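Here are my notes on the model, as numbered points. Please read them with the structure open.

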Amino acid sequence: INLMNPTNADQARIAAGYMVDTWKAKKIAIIHDNSAFSKELADLTRENLKGKAEVVAFEAVTPGEKDFSATLTSIKGKAPDAIFWTAYYAEGGLIIKQARGLGITARIIVGDGSNDASLIDIAGKDNAEGVAVTTTPAAGDFANAKDWIPKYKAKYGDPGPYSAQAYDATYVIAEAIKKAGSTDREAVSKAIRQTNYKGLTGNVAFTDTGNRKDGYFIVLEVKGGKFVTVQGAK
């Protein structure tokens, strides 16, 4: 499998770096929902924080839960500088709202599963102000896609969150088929891993394990009730 998008390893690196380097956080609480995706992101972030900041709480909550007061009260007692929620916006919005209601002033950052306007609606505009989100870049975040976007819009409407990546993927596959001289799955896969393609999303190349080299997430922050990009490629 070859992945066009960055992975949780990239997201964890960016999230940890943002909390430590930008927010200067020394004490961090991490909350996940025990799903494979959320727990992996939490674990990888904890790894990335070793030697950089103290993880004072590492808590799991149940998806669909509505009352997080017990978990948040425990976290409040540990006085973190930042809290990272690694799962989805429905619970994330409530966690933000309830944390502020309990007087928790720590900066809050959430993973890409919470990158949805509903997060702000659920948390409340004032509570969500300053909350950060790590997320994969959309078409508008890529300088190389500037001229491509209006052409896409003319035919299909606004690009979706992975439209630019899908466009590049098509050309990567086409180039790999040419290089392999075959459509054989194994031959094409091998050729893809030798690819070095300059696309809309930047340079596309892969590691031996099929992950995209130099994958990155961007960081958004809620400002005035809207997500604003505060950190691009890192």
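1. Start at Ile-31. Beyond four places in sequence, Ile-31 touches Glu-59, Val-61, Leu-72, Ile-75, Ile-83, Phe-84, Trp-85, Thr-86 and Ile-95. Contact here means heavy atoms within 4.5 Å. The model is predicted: local features need pLDDT of at least 70, side-chain atom pairs count only at pLDDT 80 or more, and totals for chains, interfaces and linings use all residues. Residues are numbered from 1 along each chain as its sequence is written, and side-chain values use heavy atoms, with hydrogens and water left out.

2. The largest nonpolar core has 35 residues, and Ile-31, Ile-83 and Val-110 touch the most other members. A nonpolar core is a set of buried Ala, Val, Leu, Ile, Met, Phe, Trp, Tyr and Cys residues joined through side-chain atoms within 4.5 Å. Buried means under 20% relative accessible area, exposed over 50%, and partly exposed in between (1.4 Å probe, protein chains only). Two or more residues come from each of strand E1 (27-32), helix H3 (69-76), strand E3 (82-85), helix H4 (89-101), strand E4 (107-110), helix H5 (117-123), helix H7 (148-156) and strand E8 (218-223). H4 gives the largest share, four residues. Helices (H or I, at least four residues) and strands (E, at least two) are DSSP runs, numbered from the N terminus.

3. There is also a second, separate core of 21 residues. Its members include Ile-14, Ala-15, Tyr-18 and Val-20. In soluble globular proteins, nonpolar side chains tend to be buried together.

4. Is Gln-11 buried or exposed? Gln-11 is buried, at a relative accessible area of 0%. This residue sits in helix H1 (residues 8-22). The Gln-11 side chain makes a polar contact with the side chain of Thr-134, at 2.7 Å. A polar contact is a pair of N or O atoms within 3.5 Å; within protein, one must be able to donate a hydrogen and the other to accept it, and residues adjacent in sequence count only if both atoms are side-chain atoms. With neighbours within four places in sequence set aside, Gln-11 is in contact with Phe-37, Leu-41, Gly-111, Asp-112, Thr-134 and Phe-217.

5. The aromatic residues deserve a check. The structure holds seven aromatic pairs. Rings of Phe, Tyr and Trp (its six-membered ring) pair if their centres lie within 6.5 Å; planes under 30 degrees apart count as stacked, over 60 as edge-to-face and the rest as tilted. Tyr-18 and Trp-23 form an edge-to-face pair, 5.4 Å centre to centre, with 65° between the planes. Both Tyr-18 and Trp-23 are buried. Elsewhere, ring pairs link Trp-148, Tyr-152, Tyr-156, Tyr-167, Tyr-171 and Tyr-197 into a cluster.

6. Now the charges. The structure holds eight salt bridges, each a side-chain nitrogen of Lys or Arg within 4 Å of a carboxyl oxygen of Asp or Glu. Lys-223 pairs with Glu-221 in one of them, the closest N and O atoms being 3.7 Å apart. Lys-223 is partly exposed, at 41% relative accessible area, whereas Glu-221 is buried, at 7%. Salt bridges that share partners also join Lys-39, Asp-43 and Arg-46 into one network.

7. Lys-39 and Asp-43 are separated by about one helical turn because they are four residues apart in helix H2 (residues 36-49). Arg-46 bridges to Asp-43 at 3.4 Å, N to O. Arg-46 and Asp-43 are three residues apart in H2, about one turn of the helix. Lys-39 is partly exposed at 27%, as is Asp-43 at 25% and Arg-46 at 34%.

8. Arg-46 also lies over the face of Phe-58, at 3.7 Å from the ring centre. A charge sits over a ring if NZ of Lys or CZ of Arg is within 6 Å of the ring centre and within 35 degrees of the ring normal.

9. Two backbone angles are worth a look. Lys-24, which is not a glycine, has a positive phi near 60°. Lys-24 lies in the loop between H1 and E1 and is exposed, at 57% relative accessibility. Asp-214, again not a glycine, has a positive phi of about 55°. Asp-214 lies in the loop between strand E7 (202-204) and E8 and is exposed, with a relative accessible area of 72%.
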